[in-house]
Amino acid sequence: MIVSKTSFLLAAFGLLVWLLPPPCSAQDDPGTGGGETEPKPAPPEGGEEGAPPPKKDAGEKLSEEELKELEGAVEEEVLVGPEVFDEGVKLYYEGNFVGACKRLWDYISGNQPGADKYGYAEFFLAQSLERIGLMHAAVEYYYNVAKNRTKPELLPDALSALERISRHHPFDQNLILHDLLYDSTFGYLRRDLRDFIEYNQGLLDYRNGFIRWGQKHFQSVREGSYYGYKAKYVEAVYDLVKYNLDDALKGFRAILDSDIKQADVINNARQSVARILFEQKKYKEAYEVYETIDAPIEKQASVFLEEAWTQYYLKDYQRAMGLLYALEAPAYFRYFNPEKYVLKALIYKNLCHYNVAKDAVSEFYQYYGDAIRVVYDRVDLDRNEILLDAALQEPRMVEIGRFQRLLDTELGMLDGFAFSWSENGLLEHLNRVYDLKIKEVNQQLRQKLDKALREVAEKLLLFEEQMNLLEYEIGLSIYRRIKGAPADKEEERDEIPYYSENTFFEFDGEFWNDELHDFRFYIEDRCFSEERWE
Amino acid sequence: MNATRPRFGPVRAALLTAVLAFVALGATAFAEEVEEPPVKEKSAFGPIQKRLYRMDHELSFGWSYLPLDAYYKGYGLALSYTIHFDHVWAIELVRLGWTWNVDSNLKTKLIDQMPDISPAEFPAVVLFENTNVLFKMLYGKQTFLNRMVLHFELFASGGVSLVFRNPFNIHELDMENSRYELGLNLGIGCRFWIDPDWSLRVDLRDTLLLLSFNRGFDDQLPKNAAEIGISISYNL
Amino acid sequence: MPPRNTHRPAGPVIVSICMLLCWRLPAAQAQEEDLDQGRVYAVQPRAYKMNHEFALTFGFLPLDAFYKMFSVNGHYVVHFDDLFAWEAVHLSFSKYLDVSTGLKEELADRWDTSPTSPEEDRIDFTLDTNLMFKPLYGKMALFDSLVIHSETYFLLGVGAEKFETAWFPAIDFGVGIRIFIIETISARLEVREYIHFGEGVGSTLAFVLGFSYNAFAEEARPGHSLRKELAK
């Protein structure tokens, strides 16, 4: 039962951390450990991979001026006429977004924020930057338009753009969620924008523990809308975290019974339902729900593992082991998964293949031995690659990592516009905006990395304990067999037919995605009369 | 404020309002468009996460057969070197072949029965060189009676060919009747992997000889030369 | 006189494939004995099953020196199971579908000679019946993006070939690949070699490409439609 409980706690932990990411992570699979296959975020600036993160330094805090610049509030004395703005807008409508940026920046940098068309200029600049693919810069200017509201008529469009970007790209969550959506009051807005705002305000209330306020916000979100379902999902996850399994199940089932079309929400809900059913020991039903999950293969690592546990409890070891083999696929190379070895050893043990079961224990130590030693030796945890890698896979870290990569990519893209933008200072300005944001994000990464590393280390020690226990049990079983069990028995061998309704592709190291759910492990059952170990 | 800046005239104001209304409408439409994200999430992977068999630098050696000429049948050997760029594209940098030609019944009869016909009038492919682009359309596997998995790929090839034709085989060449020709290749082929390093390759290709370097475009051109090749390949 | 063509290029191809299979089969057998080490299989329901197949294909017969022949073929195949089928009827029509290679004219122009009735070598019809053995089934990735299913089959049969002069008994063998497009439609590409007997022995090679309609496909998969319904 240790394993079952652990599995559930991990699952609940996964769900809890899902509450952390913002709506943009809707594209990820929060319930599945959120981007477990995401590329590794680059180590924080100033430290090589594997090196300890530099200590927080007061001197590294961003200055007032830098923060001001981050918000795009650059004040220049030179005044530029509205014809420059008109030219920028014209270029925008002609599809010349690079030229539009140039002229609109001429206007912005040459005028005070109070200038007549300043708000419009920022809006069109944001639109142009978005079209070019500089999402972060666009977000900064949409934020200005929505926050300062010098042109209130642009607020819906700016919010709409932010909503759009937040769904499909990593973005500055502190800026948009905390500074803009959570801390601001908006007047009358379109229904869809109100849903977006209410959902995020509710989500942040839940995160901060203000559940009643959160519920109030969620009540204002339209039922049946994208954010309506997401709100329901958050409520159900909260029930799950509180261990109100029946309520949580009801909540998730309600989402699944609705006519929702968003695959990410559906798959998260399915996985949550399966987890609850598993916890309620309804393994068959849980397995059936797991099988309906249709997320991209790279987001299914936790699905495979949980499904393997379900099959283990259903005593279908062929299938359980097959699912563990699926976890060897390259897409899950970075998936922190010590639990796999526990399950592997258990399966072998249940089939009375004691030597191979012991091999699975050895395999665990072979892979995680160094990491465990680092934890015991109290050496800096981030010096161990496995621990560092696992910590960087924590959903929150992945989220920040994704944003960091976006910033890096877009900073790299800026060079391509040097010819058009260097003359009027836009290039320099954007370079600075990105540099500062990267610094800030790196700081965040460093802060969160310590916590994530500690959590990973604790998790690893927990599995080490289970492995030790298992090793002892395996030894005991070997001893029992030597002492009294019969030495021979008729083998129960599963024959593979030459042809049948099913096709058998022997696994040879090639991973076809459509096969991962269909792996079966064929091995003889060597147990005689002894009871299987539970 | 810039004193010289023209005031916001009513016409321009109306125009800007119209433009902004258009923008607002457009943005709304865009927002509605993205309101429904795709029903199925996209995967970053194709159907195969990791191929067991992939080629990099391929050296192959094998047997070739030129069956189509009415006057002779060619049996030969071919050696080729192919660079594989990725799973889809490769370039067969060079494929050198030598052919031993056996006279067909028709040729023998003609020479026997018509004394004025000289053997020199039947140039046959003796040496050839192909440079082709390979387009590897399909990669797959099949299970043989559920016991054994066979991996294979199907590809199309196209490129140019340099051909040396002579009426006689290599040991008795008649250089006066030699032809140096250029042609275009088109073909299909398949590969069966034996293990990650070794594979069996079958090529069917047709060369259309278009131009003779030493005789120009004469009545012997254009001419088809089809080849069937079976070779063993080693992945360097 | 029956036409002669002693060149059989399909033979080496088929022999090579068989050799390849034989090469790897002992290894597969050896692996079977290692089952106690545990082996992993991807066990997937066969995505497509054939039942009553009606096919329309087009053939190309390249080996005649005087004429390149084309053919229109009709096939009816009863699939007993996933391994064996019987191509009950294969009728190939080639009459009038010939293209001269120009050899006859060349002989006349260059040497003022003409062969004795090369037209006699032209095939009018072929009628045969074949056993179809389908030991290989699998899938392919098209352009590294789309998965399509396929099977490889071997043919062995008897029949007759009608040349301009007479019918001649023949045996034939071949190899082909079927690519499943949807449950009822598949494409087949095959190479067939006919060996006919008369006063002498001659052969005909045909490359065939066409499409098949799988009639009563649902019946071949009892429970399949129910499964589909349930999946929905």
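Predicted model: local features only at pLDDT ≥ 70, side-chain atom pairs only at ≥ 80, totals over all residues.

Mentor: Residues are numbered from 1 along each chain as its sequence is written, and chains are lettered from A and ligands numbered from 1 in the order in which they are written.

Trainee: What makes β7(B) and β8(B) a pair?
Mentor: Strands here are DSSP runs of E with at least two residues, and helices are runs of H or I with at least four, both numbered from the N terminus. Two strands pair if DSSP finds at least two bridges between them. Residues 179-193 of chain B (β7) and residues 198-212 of chain B (β8) are joined by 13 bridges, so by the at-least-two rule they pair. The two run antiparallel, and one of the bridges puts Trp193(B) with Ser199(B).

Trainee: How many residues lie between β7(B) and β8(B) in their hairpin?
Mentor: There are 4.

Trainee: What does β8(B) do on to β9(B)?
Mentor: β8(B) pairs with β9(B), residues 223-235, in the antiparallel sense over 12 bridges. Leu208(B) stands opposite Asn224(B) there.

Trainee: How do you know that β4(B) pairs with β5(B)?
Mentor: Same test: 8 bridges join β4(B) to β5(B), residues 124-144, antiparallel, and the cut-off is at least two. Glu92(B) has Asn132(B) as its bridge partner in β5(B). β4(B), residues 89-103, also pairs with β3(B), residues 72-84, over 13 antiparallel bridges.

Trainee: What share of chain A is called buried, and on what grounds?
Mentor: A residue is buried if 20 or more other C-beta atoms lie within 10 Å of its own, exposed if 12 or fewer, and partly exposed in between, with C-beta atoms placed from the backbone. Of the 534 residues of chain A, 52% count as buried. Chain A has 22 helices and 3 strands.

Trainee: How many residues of chain C are in contact with chain A?
Mentor: 16 residues of chain C are in contact with 20 of chain A, where contact means C-beta atoms, placed from the backbone, within 7 Å. On chain C's side, β1(C), residues 39-45, gives the most, with 7 residues.

How values were computed:
Contact = placed C-beta atoms within 7 Å.
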